Amino acid sequence: QVQLVEAGGRLVQAGGSLRLSCAASGLTFSRYPMGWFRQALGKEREFVAAISRTDTKKSYTDSVKGRFAISRDNSKNTVYLQMNTLKPEEKAVYYCEAVVTTEAWLSDALYTRGDEYNYWGQGTQVTVSS
């Protein structure tokens with residue numbers, strides 16, 4: 001059973017930094033690409049960042065480029081999201097997600113669409129005060 005458990009969300013002042021982590025279990029972590037999404041209250045879930053299974057490809061939504069960094073440690077079955085210079089409008093629940101498919105395993109593709117992901121965690125709340 002695949003489980004993704006996010007951690008690291010908390011209240012932070014605007015301009016501050018946070019590092020989110022996501023511990024994965026129930027899968028061979030190094031085989032699959034991972035992503036971070038977020039959902040603010042009353043809004044749709046949106047893509048934030050993605051990383052390929054080999055850590056050779058990364059993608060970010062335009063609004064976070066240069067401020068956020070996604071990384072993974074396959075020896076620890078963990079993916080991270082370093083968030084710097086946070087803005088109040090980035091208050092949201094942040095979700096770690098995985099594409100656990102044979103196609104994803106056999107390729108080194110990068111996935112940026114929410115409907116491509118088939119597992120996600122319970123989310124971690126990030127609140128940015130102004």
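Reader: How should I read the numbering and the cut-offs here?

Author: Residues are numbered from 1 along each chain as its sequence is written. Because this is a predicted model, local features need pLDDT of at least 70 and side-chain atom pairs count only at pLDDT 80 or more, while totals for chains, interfaces and linings use all residues, and side-chain values use heavy atoms, with hydrogens and water left out.

Reader: Is strand 9 buried or exposed?

Author: Helices (H or I, at least four residues) and strands (E, at least two) are DSSP runs, numbered from the N terminus, and buried means under 20% relative accessible area, exposed over 50%, partly exposed in between (1.4 Å probe, protein chains only). Strand 9, residues 92-98, is mostly covered, with 7 of its 7 residues buried.

Reader: Which strands pair with strand 9?

Author: Two strands pair if DSSP finds at least two bridges between them. Strand 4 (residues 34-39) pairs with strand 9 in the antiparallel sense over 6 bridges, and there Gly35 stands opposite Glu97. Strand 11 (residues 124-129) is also antiparallel to strand 9, over 3 bridges, with Tyr94 opposite Thr124. Strand 10 (residues 119-120) pairs with strand 9 in the antiparallel sense over 2 bridges, where Ala98 has Tyr119 as its bridge partner.

Reader: Which residues does a disulfide join?

Author: A disulfide is a pair of cysteine sulfur atoms within 2.5 Å, and here one joins Cys22 to Cys96, with S to S 2.1 Å. Cys22 lies in strand 3 (residues 18-25) and Cys96 in strand 9, so the pair ties together parts that are 74 residues apart in sequence. Both Cys22 and Cys96 are buried.
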